[in-house]
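Welcome, and thanks for taking a look at this structure with us. Please have the sequence and the model open side by side as you read.

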Amino acid sequence: MGKVIGIDLGTTNSCVAILEGGVTQIVPNKEGGRTTPSVVAFTEKGERLIGQIAKRQAITNSANTIYAAKRLMGRKYDSPEVERARQVCSYEITEAANGDCRVRVRGRDYSPPEISAILLQRLKLAADEFLGDEVTEAIITVPAYFDDIQRQATKDAGKIAGLKVQRIINEPTAAALAYGLGKHENERIAVFDLGGGTFDISIMEMADGVFEVLSTCGDSFLGGEDFDQRIVDWMIDTFEQETKIDLRPDRLALQRLKEAAERSKCELSTATESQLNLPFIAADSTGPKHFNKTLTRAKFEELVADLVSRTTEPCQKALADAKLAPEEITKVLLVGGQTRSPIIINRVREIFKREPSIEINPDEVVAIGAAIQVGVLAGDVKDLILLDVIPLALGIETRGGLFTKLLERNSTIPTKKSLVFTTVADNQQVVEVHVLQGEREIAAGNRSLAKFELVGIQPAPRGLPQVEVTFEVDADGIVSVSARDKMTGLEQAMRITPSSGLSASEIYDLIEEANRSSENDKRMKEIIISRNRLEGLLQNTVRSFSEFGWMLPAEDQEFVRNTVEQARETFSSEDPTQMRYTLELLEKAARLITDAMFRPTGLASGATHSQEEETAPVSEAS
Ligand code: AMP
């Protein structure tokens, strides 16, 4: 199996990490950088530039340089986020036929996942080289507020880049994982994430290695770029006052101002003043004009004061939602490059009344957390479990005592899945839905959560009714199960909380047990499936033989009778090979009858058998 990496696919910068021998490590890009600008550019010659090199040429090729594609992921063209992106981006955003947004570069439309995939592919290649082995899978992080469509779009991007996305995890959860590794004390954590384009605050609880997101809040219109823009506006105003030249319509000048502003902002995180030198920024009849000014930290802080203030309310709201006072927070983690600004650190200190943790680089903490989650899933990291996933598979008991999973273990929540089942007996009017949780293939080996009945199914031959069973898990891990007769619309539903009462170590024990029993379970599963098929086919064959058997030549009639006899005997067998062999004979017998039915009269297709195949996971009759 190839290697698995953790990827922080950021709006502004992306970062890759791995876990080897219990130690996390940042995977450098080809240029040796620990983070890669999330920028993709297309040159006149048709070349693709990615990362730092793409960012560097943005000034001269701004219309074909795509940055912050993450903001467009899974968004509709007419959404407010895309409207906002249109105002600040220098590339063209278009509308696809289905209403999604696209970016148009050099005459071609690209979906946001395609752009992200180009970046992911580059990150994967760098990791392949660094590790000397092919990377095949990844865990990618997304903001906690990302909905299913955005998460799916991120998964698609991974797929396009040739990566199997094992899991999408929330960025704050990843950050907490990075801090929580190897520590067992109980904590209530605030993750303050101010990146390039968005602000997120998450309140989490960590107890005995189990993480639970208690609340999240934020502002998807607040990020480092707004801080840069304040400096740009200040530069434009100052320049206009002195020269009477308005730089706003000059795209090239604007791009230069933006770059200089960001550089200066970053410098001001450690220095108290920064030089802004932009020679030949404009010209008028009197000659070329240069921008040359000193920006002090105090002035910068004055320019961004209201932006900083906008972080307070979401934090208070998140605390209120988590029913916690600021004093009850035991750790504050900083994520996102913009949290390096001292004014932000001061504000965080004010809100939470404590010193934020700065042990882990805020640009790398999310990728490191993703790498740790890779280890959790692989079983390399024990005693850590996330509550924003389903810890064990959820499903129902099906015919013969099999466990049919609807939701796999570690499915990210919230999630929803439906499967259609049918009846096993003619005129069956009641279907029992037995909900279980566990990893075993055999229902009896798993934990029973609930049972309920769907009554009043319209009398019909077995295999005909369609009962749609739907599992829905909300963000709190609450599972709702419903069963609906698709013909009558009749529905029965109930809510269950599956994970209660199971500690992290119990969950690991159950997984271990499932692994131990897997060989035996597989064999049992094969026997049950064959037996189910045998039973269905036997009933159909007997029924059609009694009706149409007379059409068969005597020797074929003899063959069918013998086969039916043999099938009855094999029914209770525990030998999969014998079952397979009898099934083949029975299929041949069924074919003989169907052929005979068709030969003289041309009756309608013998759909019973193919239908039998499709409805293999048949719901148990009560
Ligand atoms: P992220 O999306 O987490 O990569 O954060 C990117 C944002 O952090 C950009 O707006 C950067 O300008 C900003 N940033 C990066 N380094 C610093 C720094 N040293 N001081 C202030 N802001 C920074």
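Predicted model: local features only at pLDDT ≥ 70, side-chain atom pairs only at ≥ 80, totals over all residues.

**A pair of helices.** Two packed helices are described by the angle between their axes and the distance between the axes. Here, H10 and H11 pack at an angle of about 35°, and their axes lie 11 Å apart. Their crossing is right-handed. The table shows who touches whom.

| Helix | Residues | Contact residues |
|---|---|---|
| H10 | 312–321 | Thr312, Cys315, Leu319 |
| H11 | 342–352 | Arg347, Ile351, Phe352 |

By type, the residues of this contact between H10 and H11 comprise 4 nonpolar, 1 polar and 1 charged.

Now find isoleucine 18, which sits in strand E2 (residues 13–20). Is isoleucine 18 buried or exposed? Its relative accessibility is 3%, so isoleucine 18 counts as buried. Beyond its neighbours within four places in sequence, isoleucine 18 is in contact with Val4, Ile5, Val23, Thr24, Gln25, Val27, Leu131 and Ala371. Alanine 367 is 349 residues away from isoleucine 18 along the chain, yet their C-alpha atoms are separated by 8.4 Å.

**A cavity.** Searching the whole structure turns up 7 cavities of 30 Å³ or more. Strand E5 (39–42) and helix H3 (112–131) each supply at least two lining residues, with H3 giving the largest share, 3 residues. The lining of this second largest cavity divides into 8 nonpolar, 4 polar and 1 charged.

Conventions: Residues numbered from 1 in each chain as written. Heavy atoms only, no water. Axes fitted to C-alpha atoms, helices over the stretch in contact; angles between N-to-C directions. Helix = DSSP H or I, 4+ residues; strand = E, 2+ residues; numbered from the N terminus. Left-handed = near helix turned anticlockwise from the far one by under 90°. Contact = heavy atoms within 4.5 Å. Nonpolar A, V, L, I, M, F, W, Y, C, P; charged D, E, K, R; others polar. Buried < 20%, exposed > 50% of the residue type's maximum accessible area, 1.4 Å probe, protein only. 1 Å grid on protein atoms, 1.4 Å probe; cavity = no way out; pocket = protein on both sides within 12 Å on 5 of 7 lines; lining within 4 Å. Points joined across faces, edges and corners; volume = space filled by probe spheres on them.
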